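Please read these notes with the model open beside you.

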Amino acid sequence: MASAPSKLYTDDVSLLMVTIDTNPFFWSSMKNSDSFNFSMFLSHVISFLNSILLLNQLNQVVVIATGYNSCEYVFDSSEPSNQRAERMLETLQEFLDKDESLSQEYSVDGVGSSLLSGSLSMALCYIQRVFRSGPLHPHPRILCLHGSPDGPGQYVAIMNSIFSAQRSMVPIDSCAIGPQHSAFLQQASYITSGVYLKPQFLDGLFQYLSTVFATDLHSRAFLHLPRPVGVDFRASCFCHKNTIDMGYICSVCLSIFCQHQTQCSTCGSVFGKTRAAVEPEKKRRNMSQGA
């Protein structure tokens, strides 16, 4: 999968956007249940990034930290070499401190979801800037290293990002490092023709990354990469943000609801009644609330 051929360097030059999950709640749960911690995860990721840059001197890597409350660019290989190495860990640590301080302002039961929708949007915005920067650019792709549980409240934003990536012909690769599969990332990889993988042994994460996700888009046509099996296509309702198997869909804007609605809360379309019959009822309800 590639963008417009007339604007590409060569087949093996890649722009890799990597989103890493830095959610403190998730990594705290991993520390309690497994020997794999954030420091080990980061060492595997850094080794993988170095291998990408060694494969081709024209390759570019950008890392986005996906926190609990915010997202931030923490590494860009296009920056001067005398600054990027020392700034990456410093920038990441600053981001972790800021995101953790923001997380303490909220009461969260269990492991909270990361801001995946934000990091995907930032990755796509960066790719669009590269598209508009000049006549030549590398093959763009996104790799999500994610472990936190899916946040149903982000369903609409994540799906919008997925369809934007599909339209721009940008594949989204996914590596689920948490204890459970991610329905959002399964759908993202399936829709954009990316690769979804959940490693069995996190101690060998670098081997998984280097053998599955290090290959450029042109070389993938000659390799047998993991194929999607049992993709979870369930959606989240717009009313309660719950994952549902069956629901009601607005015929106008395609909003999804778990319960029957008389009027779409997204676009205002009326279901089963004429608008003239609904307006007096809506006016009475507003007046009662005001009283």
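**Notes on helix packing and cores**

1. H5 and H6 are roughly parallel to each other, because their angle falls in that class (under 35 degrees is roughly parallel, over 145 roughly antiparallel, 65 to 115 roughly perpendicular, and the rest oblique). The axes of H5 (residues 155-167) and H6 (residues 183-191) cross at roughly 15 degrees and come within 9 Å. Axes here are lines fitted to C-alpha atoms, for helices over the stretch in contact, with angles from 0 to 180 degrees between N-to-C directions. H5 passes H6 in a right-handed crossing, meaning that the near helix is turned clockwise from the far one by less than a right angle.

2. This is a predicted model, in which local features need pLDDT of at least 70 and side-chain atom pairs pLDDT 80 or more, while totals for chains, interfaces and linings use all residues. Residues are numbered from 1 along each chain as its sequence is written, and side-chain values use heavy atoms, without hydrogens and water.

3. From H5, the residues in contact (heavy atoms within 4.5 Å) with H6 include Tyr-155, Ile-158 and Phe-163. Among their partners on H6 are Phe-184 and Ile-191. By class, this contact has eight nonpolar, two polar and no charged residues; Ala, Val, Leu, Ile, Met, Phe, Trp, Tyr, Cys and Pro count as nonpolar, Asp, Glu, Lys and Arg as charged, and the others, Gly among them, as polar.

4. H2 and H7 pack with axes 9 Å apart, at an angle of about 30 degrees. That angle makes H2 roughly parallel to H7. Phe-41, Phe-48 and Ser-51 are among the H2 residues in this contact, and Leu-209 and Phe-213 among those of H7.

5. The protein chain has eight helices and ten strands, taken as DSSP runs numbered from the N terminus (helices H or I, at least four residues; strands E, at least two). Of its 291 residues, 46% count as buried (under 20% relative accessible area; exposed is over 50%, partly exposed in between; 1.4 Å probe, protein chains only).

6. The largest nonpolar core has 36 residues; such a core is a set of buried Ala, Val, Leu, Ile, Met, Phe, Trp, Tyr and Cys residues joined through side-chain atoms within 4.5 Å. Ile-20, Phe-41, Phe-48, Leu-145 and Phe-213 have the most contacts inside it. H2 gives the most to this core, with seven residues. Another core, of 33 residues, lies apart from it and includes Ile-64 and Ile-191.
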